[in-house]
Amino acid sequence: MENIFSGLGIDDSVFELGEEVLERIRPRFNEIDKVSEYNQAKVLLAMQKNQVSATCFAGTTGYGYDDIGRDTLERVYADIFHTEAALVRPQITCGTHALATALSANLLPGDELLSPVGRPYDTLEEVIGIRESKCSLKEYGVSYREVELTEDGGFDFDGIKAAINKKTKLVTIQRSKGYKTRPTFSVEQIGTLISFVKSIKPDIICMVDNCYGEFVEKIEPSDVGADMTVGSLIKNPGGGLAPIGGYIVGKAECIERCAYRLSAPGLGQEVGANLGVMTSLYEGLFLAPTVVASALKGAIFAANIYEGLGFKVIPDSKESRHDIIQAVELGSPERMKAFCHGIQAAAPVDSFAIPEPWPMPGYDNDVIMAAGAFIQGSSIELSADGPIREPYAVYFQGGLTWAHAKLGILMSLQKLKDANLI
Ligand SMILES: *Cc1c(COP(=O)(O)O)cnc(C)c1O
């Protein structure tokens with residue numbers, strides 16, 4: 001067997017270990033390709049139905065009134081997610097911004113927000129006011145409750161029932177594990193939770209943080225009762241091409257409020273020039289099912305490699321997948337650094353840089369991030385990150401192509417080996 005990667009510094013033993021693992025997991029790749037094929041058709045159908053044309057790619061400026069490209073893209077998203085409405089904008093700067101917009105648009109003073117799946121993603125702590133912040137929901141008089149998951153990562157239905165009260169207005173459900181080592185929820189599980197919540201109080205708005213989950217399954221949270229489904233365009237649905245943006249899809253009533261919150265009361269979706277990014281948003285969405293499939297193959301490959309070496313991996317080597325994240329509990333900051341060094345060294349951009357932990361805005365712990373990405377911080381591109389805290393887990397994700405994801409994982413292993421850490 002020829003080690004094509006030797007020129008990049010990957011020695012024969014690492015390469016051969018990769019080949020052995022790959023042989024075992026090939027059958028799972030067929031399943032992933034089938035889902036990707038299904039989602040490709042879903043995206044294509046939505047684009048055709050809405051008559052996407054070259055005029056949709058024209059840049060607009062100023063107020064952006066009558067922006068055909070922007071308005072059509074929103075209809076395409078609404079069709080893919082089977083929702084009444086969609087807000088898809090380059091003015092939504094990131095996933096946190098999309099989530100903050102959805103929450104602050106639909107919660108008023110005196111309302112309560114409930115997370116029935118434990119503590120939400122780190123950056124939402126300041127949005128909600130769990131960690132003090134200016135302009136948090138707490139500052140605006142919105143209270144917050146959370147119900148921990150059960151020990152095995154399931155929903156605590158009794159606890160959730162007890163937590164819902166007359167103030168409970170909105171329930172936020174995070175699909176992906178974030179920087180936790182809990183399982184990611186399947187769309188079906190999310191559907192069960194939404195039905196349960198609505199059986200107790202039918203008018204509760206259910207919002208799902210869908211970051212990293214798009215196109216992993218054939219259905220999305222909006223197919224199982226979510227009133228708002230929210231995500232970032234520099235993750236899955238941007239397909240690696242979107243240079244910025246976020247989306248919120250769901251009930252027209254909720255989305256209209258989001259648009260008013262994002263721009264201004266009375267203006268809503270009518271304003272917001274596209275500044276010439278439309279081609280990337282459409283083309284990225286078109287590629288997204290394939291890119292997500294590549295990332296999933298990479299995640300499964302990583303799980304099998306690292307589990308084989310004795311590390312705890314979440315999900316494990318055989319589990320079904322509901323997002324593109326692969327957590328590997330490396331057990332020490334040194335191993336986290338070496339792993340991230342490998343991912344960085346495999347990048348097409350900034351491969352010469354060595355990642356160091358730093359206090360990123362919105363996070364409580366220092367965070368290390370490896371991302372030699374074409375789009376800054378894009379984590380649908382090959383990347384790895386994690387907060388420097390117990391259990392010293394690194395979160396690996398992305399890879400615009402499967403071949404690159406594979407190379408990155410081999411390189412992470414090589415750097416661990418070079419540093420005598422495995
Ligand atoms: C990435 C992520 C976010 C926040 O997105 P940013 O684009 O980094 O602001 C929120 N929730 C989850 C689960 C995420 O993975």
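Modeller: Start with Phe215, in the loop between strand E5 (205-209) and strand E6 (228-232). The model is predicted. Phi of Phe215 is near 70°, positive although the residue is not glycine. Its relative accessibility is 2%, under the 20% cut-off, so Phe215 counts as buried.

Cys135 also has a positive phi, about 65°, and is not a glycine either. This residue sits in the loop between helix H4 (124-128) and strand E3 (143-146). Here the relative accessibility is 54%, so Cys135 counts as exposed.

Next, the cis peptide bonds. One joins Ile314 and Pro315, with omega about 0°. Pro315 belongs to the loop between strand E8 (312-314) and strand E9 (326-329). Another joins Glu390 and Pro391, again with omega about 0°. Pro391 falls in the loop between strand E11 (383-387) and strand E12 (393-397).

Now the packing. The largest nonpolar core has 82 residues; Phe301 and Tyr306 are among those with the most contacts inside it. Helix H8 gives the most to this core, 16 residues. The axes of H8 (residues 278-308) and H10 (residues 402-418) come within 8 Å and cross at roughly 25°. That is under 35 degrees, so the two helices are roughly parallel. Their crossing is right-handed. Phe301 and Tyr306 are among the H8 residues making this contact, with Trp402 and Leu413 among those of H10. By class, the contact has 10 nonpolar, 3 polar and 2 charged residues.

Notes. Residues numbered from 1 in each chain as written. Predicted model: local features only at pLDDT ≥ 70, side-chain atom pairs only at ≥ 80, totals over all residues. Heavy atoms only, no water. Axes fitted to C-alpha atoms, helices over the stretch in contact; angles between N-to-C directions. Helix = DSSP H or I, 4+ residues; strand = E, 2+ residues; numbered from the N terminus. Parallel < 35°, antiparallel > 145°, perpendicular 65-115°, else oblique. Left-handed = near helix turned anticlockwise from the far one by under 90°. Contact = heavy atoms within 4.5 Å. Nonpolar A, V, L, I, M, F, W, Y, C, P; charged D, E, K, R; others polar. Core = buried A, V, L, I, M, F, W, Y, C linked by side-chain atoms within 4.5 Å. Buried < 20%, exposed > 50% of the residue type's maximum accessible area, 1.4 Å probe, protein only.
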